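This briefing is intended for a reader who is new to the structure shown below. Please keep the sequence and the model in view while reading.

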Amino acid sequence: MSTVTLRGVEAGASEAAVTARQLQDEESRAWLRDLRADGAVRDDALARLHELLVRAARFEVARRRVTLPHLRGDELDDIALEAADDALMSVLRRLDDFRGLSRFSTWAYKFALLEAAVKLRKRAWQGREIPLEPEAWNLFASARLAPDTEAELAELLGAVERGIAEALTPHQRRVLVALAVDGVPIDVLADRLGSTRGALYKTLHDARRKLRAQLAERGTELEEWLEES
Amino acid sequence: MERRDTTRILRGLLGPAAPEVGCDTCFDELDRFVELELAGEDADAAIPGLRAHLSGCPACREEHESLLALAADERR
């Protein structure tokens with residue numbers, strides 16, 4: 001059996017906290033031991049793990065069902081079950097990555113939540129057009145500024161539009177506008193562009209850095225507008 | 001356009017000012033981050049850059065909210 005790196009117990013931690021962590025570690029060890037066993041022990045562990053993942057996937061579906069009013073309950077449950085099946089494969093594939101830094105159940109849950117969330121986002125955007133041509137965007141044109149909008153704000157928005165047009169590559173512009181303005185979920189965009197969430201976020205991050213740098217270089221004050229009013 | 005909408009769009013365009021981790025690191029650390037939060041420990045100090053990422057990435061933010069809610073639910 002592989003060694004699991006378990007979280008150390010800090011000096012001075014309360015007795016209750018120490019006990020809780022020891023129990024947590026024992027539970028995690030038991031999961032790993034049983035999932036790496038053979039025969040009936042492994043089969044039982046797989047069934048328990050699948051049950052745990054189904055619970056997480058249904059939890060996510062329940063949180064998001066308002067975004068999919070056209071789907072029936074059984075369709076939503078099919079999505080949850082499919083997400084749990086996919087999550088089970090991911091958990092087993094990545095079992096050696098579990099470091100014992102959280103409960104095993106919390107670690108496993110995140111795979112089911114991710115699978116369910118991605119499937120639901122894609123379902124919500126199924127058949128919807130995503131404007132990907134750089135020429136097709138016009139940031140603030142569709143939402144006219146309120147009559148009392150400060151001139152300062154109008155100036156800022158103009159500077160942002162110029163920054164996007166001048167400082168970014170077409171790909172950065174396309175990704176930034178789709179994600180930040182059109183509200184396309186990153187997984188949906190990754191799917192349409194044949195990319196991954198991680199790669200697209202890197203593009204988004206680089207675009208934001210360049211945009212911030214250009215605005216700073218031109219003396220545009222941003223922070224006041226980024227605070228909640 | 002309301003001031004609130006402008007702020008939301010600007011935040012989406014400009015992202016967090018603080019250094020942040022990427023989506024893959026966020027996913028790898030999310031379970032530990034959530035448990036530190038639930039334990040009342042300093043999750044931000046333990047995993048620098050994750051909170052900033054959550055403010056800049058709506059998908060990871062939603063998954064963080066779900067995991068936090070699910071893990072908290074389990075402890076009740």
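Glu20(B) is buried, having 21 other C-beta atoms within 10 Å; a residue is buried if 20 or more other C-beta atoms lie within 10 Å of its own, exposed if 12 or fewer, and partly exposed in between, with C-beta atoms placed from the backbone. This is a predicted model, in which local features need pLDDT of at least 70 and side-chain atom pairs count only at pLDDT 80 or more, while totals for chains, interfaces and linings use all residues. Residues are numbered from 1 along each chain as its sequence is written, and chains are lettered from A and ligands numbered from 1 in the order in which they are written.

**Surroundings of Glu20(B)**

- Glu20(B) lies in the loop between H1 and H2 of chain B; helices (H or I, at least four residues) and strands (E, at least two) are DSSP runs, numbered from the N terminus.
- Apart from neighbours within four places in sequence, Glu20(B) is in contact with Gly49(B), Ala52(B), His53(B) and Gly56(B), where contact requires C-beta atoms, placed from the backbone, to lie within 7 Å.
- Glu20(B) and His53(B) are 33 residues apart along the chain, yet their C-alpha atoms are separated by 5.0 Å.

**Chain B as a whole**

- Chain B contains five helices and zero strands, and its pattern along the sequence is α-α-α-α-α.
- The C-alpha trace of chain B spans about 45 × 25 × 20 Å along its principal axes.
- Chain B has 76 residues, of which 38% count as buried.
- Among contacts in chain B with a separation of 6 or more, 70% are between residues 24 or more positions apart.

**Where chain B touches chain A**

- In total, 31 residues of chain B are in contact with 40 residues of chain A.
- On the chain B side, the elements that give two or more residues are helix H1 (3–14), helix H2 (23–38) and helix H5 (58–75).
- H1(B) provides the largest share of that side, eleven residues.
- By class, the side of chain B that touches chain A has 14 nonpolar, six polar and eleven charged residues; Ala, Val, Leu, Ile, Met, Phe, Trp, Tyr, Cys and Pro count as nonpolar, Asp, Glu, Lys and Arg as charged, and the others, Gly among them, as polar.

**Helices H6 and H8 of chain A**

- The axes of helix H6 (residues 170–181) and helix H8 (residues 197–217) of chain A come within 9 Å and cross at roughly 100°; axes are lines fitted to C-alpha atoms, for helices over the stretch in contact, and angles run from 0 to 180 degrees between N-to-C directions.
- H6(A) and H8(A) are therefore roughly perpendicular to each other, a term for angles of 65 to 115 degrees, whereas those under 35 count as roughly parallel, over 145 as roughly antiparallel and the rest as oblique.
- From H6(A), His171(A), Gln172(A), Val175(A), Leu176(A) and Leu179(A) meet Leu200(A), Thr203(A), Leu204(A), Asp206(A) and Ala207(A) of H8(A).
- This contact of H6(A) with H8(A) has six nonpolar, three polar and one charged residues.
- Lys202(A), also found in helix H8 of chain A, counts as partly exposed, with 16 C-beta neighbours inside 10 Å.

**Leu176(A)**

- Leaving aside neighbours within four places in sequence, Leu176(A) is in contact with Ile164(A), Leu168(A), Leu204(A), Ala207(A) and, in chain B, Leu13(B).

How values were computed
Two residues are in contact if their C-beta atoms, placed from the backbone, lie within 7 Å.
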